[in-house]
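Here is a short briefing on a predicted model. Start with how the chains meet, then turn to the fold and the record.

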Amino acid sequence: MSSVLYDAQGPRAKRRNILLTVVFFALLLALLWWVYQGLNDKGQLEWAKWKPFFSGSEAWTTYILPGLKNTLIAAALSMVIALPLGAVFGIARLSDHVWVRVPAAIVVEFFRAIPVLILMIFGVALYSQYTSVSSDDRPLYAVVTGLVLYNASVLAEIVRAGILALPKGQTEAAQAIGLRKTQTMTSVLLPQAVTAMLPAIVSQLVVIVKDTALGGAVLTFPDLLSSANTMSSYYGANTIASFTVVAVIFIVLNFSLTSFAGWLEGRLRRGKKSTGAVVGAEAVEDIAGTAHTGAAGTTGAAGTADGTAKTSGTPGASGTSGTDKAAL
Amino acid sequence: MFDFLEGYDLLGAFWVTIKLTLLSAVGSLIWGTVLAALRVGPVPLMRGFGTAYVNIVRNIPLTVIILFTSLGLNQTLGISLGAHGFSHINFRLAVLGLIVYTSAFVCEAVRSGINTVPVGQAEAARAIGLNFTQVLRLVVLPQAFRSVVGPLTNVLIALTKNTTVAAAIGVAEAAALMKDMVENEAQLLLISAIFAFGFVVLTLPTGLILGWVGKKVAVKR
């Protein structure tokens, strides 16, 4: 009970809090009861509808696991292809040459402004009209194409933020010992930036995993979400049960990725050997939303940085931000 | 060159996108702020609820939520949100799904804004005898909102792009029209360029204008 927003609680405040807790609890119960009634009336709570997931492995081996496998394959492929592309564009945006910097910026900003679904629909039509990719493979190709185009541009911004988050002394020291620009980038800045970016990259993986579901819903890609659809028609309209199982799998998968990213971020911040520069999960959300020229991208990052020092900062600065957060 | 556009309601589709965006934006701003208030409040159960809500909703794909509103809420449980007719019902369901999803991100943005308000502000407010709701309503939130215009703009732009997911339940917005057009017309690159341009037009001014507003209203410290 130590928050700056409210006083330490005396007897009256304690009584009021207990009252509020009881009222809120009653409201939650009422909501749960309403949901339960609704489900019960429509027969969605019958054991027959939930049985496939708890007894026997058929539902898992025929529908859920293959779907999950496709989701993970699409996500992994997109990440593996988008990462080097993103690195190239991210570094290109930091180039000293205008004719490299500006085109890279235009490409990155363009693809960040367009919804992934539009890119995926474009992909499907592209492969069916201009290539000989079989119609079975097309959805996967289209999903990966859409995800790569979008995420490469987001990763480009993450790479850029990672390099910019490094202390200036690193570049200066590299220049002082006579390294060329390329050498400075490849042997001094990039290795440290990659470490700093790791939490943001893992967070971006969560976004990719979530976006693969678009392929399942719109492009007939046989992913985890579409397996819910198939199951609910196969097991007798157990829509609620199928969606619950699929949603829980997504939550567990993404929550572990998010937690892993948070753990990495904390470890990097506390690490004695590192420079303390970290591009965290918040940076990803800022970058994912911003869709305009470089200035806005950096103000987005700086917006979090100046207040809470989440995007970048020395271990000391992030330490104080940590206490601020604990206080409020 | 643009002959193939005849018979397609391009502006109408983008108008649906805009309506989806605005309605969901208002809804998720309200619900997200309430969630943020729950998360920083003195009642442990409310804090727990807020945290659980954000962690669960943020980790489910929006597509799953939107599809569930149609297949689960509407077709299985018969909830139609007071609308009649397929397109009206699905429009409202899409708005509901977008609000449920986006408010988790609004909540986190507002909470990060609350963290940027100096501790002294809240302490001073308490020192003059304000209680928790007054501290939040009169002192902390007004300052917090000024500092989160940037992050909230990012959420709004992401929301604009996310409205395309409503195509999954048959709402006739831009992505649904594009899917229709690329299947029936030959000019793939031109069609894609038109839709890409449409979204750039929607998101670019939002970012620029709100970016300017954000700088204007920021609390100088």
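**Where chains A and B meet**

In this predicted model, 57 residues of chain A are in contact with 58 residues of chain B.

**The chain A side of the interface**

- By class, the side of chain A that touches chain B has 32 nonpolar, 18 polar and 7 charged residues.

- Helix α5 (residues 116-130) of chain A pairs with helix α9 (residues 188-217) of chain B; their axes come within 11 Å.
- The two axes cross at roughly 175°.
- Angles over 145 degrees count as roughly antiparallel, and α5(A) and α9(B) are therefore roughly antiparallel to each other.
- From α5(A), the residues in this contact are Ile118(A), Phe122(A), Ala125(A), Leu126(A) and Gln129(A).
- They meet Leu188(B), Ser192(B), Phe195(B), Ala196(B) and Phe199(B) in α9(B).
- The contact of α5(A) with α9(B) has 8 nonpolar and 2 polar residues, and no charged residues.

**Fold of chain A**

- Chain A has 13 helices and 0 strands.
- Its pattern along the sequence is α-α-α-α-α-α-α-α-α-α-α-α-α.
- Chain A has 328 residues, and 48% of them count as buried.
- Take the contacts in chain A between residues at least 6 apart in sequence: 70% of them join residues at least 24 apart.

- The unreviewed UniProt entry places "domain: ABC transmembrane type-1" at residues 68-261 of chain A.
- In the model, residues 68-261 of chain A are 86% helix and 0% strand.
- The end C-alpha atoms of that span lie 21 Å apart.
- The unreviewed entry also annotates "transmembrane region" at residues 18-36, 72-92, 104-128, 140-166, 187-209 and 240-264 of chain A.
- Over residues 140-166 of chain A, the model is 96% helix and 0% strand, with the end C-alpha atoms 37 Å apart.
- Over residues 187-209 of chain A, the model is 100% helix and 0% strand, with the end C-alpha atoms 32 Å apart.

Key
Residues are numbered from 1 along each chain as its sequence is written. Chains are lettered from A and ligands numbered from 1 in the order in which they are written. This is a predicted model: local features need pLDDT of at least 70, side-chain atom pairs count only at pLDDT 80 or more; totals for chains, interfaces and linings use all residues. UniProt positions are given in the numbering used here, feature names are shortened, and annotations may be inferred rather than shown by experiment. Helices (H or I, at least four residues) and strands (E, at least two) are DSSP runs, numbered from the N terminus. Axes are lines fitted to C-alpha atoms, for helices over the stretch in contact, and angles run from 0 to 180 degrees between N-to-C directions. Angles under 35 degrees count as roughly parallel, over 145 as roughly antiparallel, 65 to 115 as roughly perpendicular and the rest as oblique. Two residues are in contact if their C-beta atoms, placed from the backbone, lie within 7 Å. Ala, Val, Leu, Ile, Met, Phe, Trp, Tyr, Cys and Pro count as nonpolar, Asp, Glu, Lys and Arg as charged, and the others, Gly among them, as polar. A residue is buried if 20 or more other C-beta atoms lie within 10 Å of its own, exposed if 12 or fewer, and partly exposed in between; C-beta atoms are placed from the backbone.
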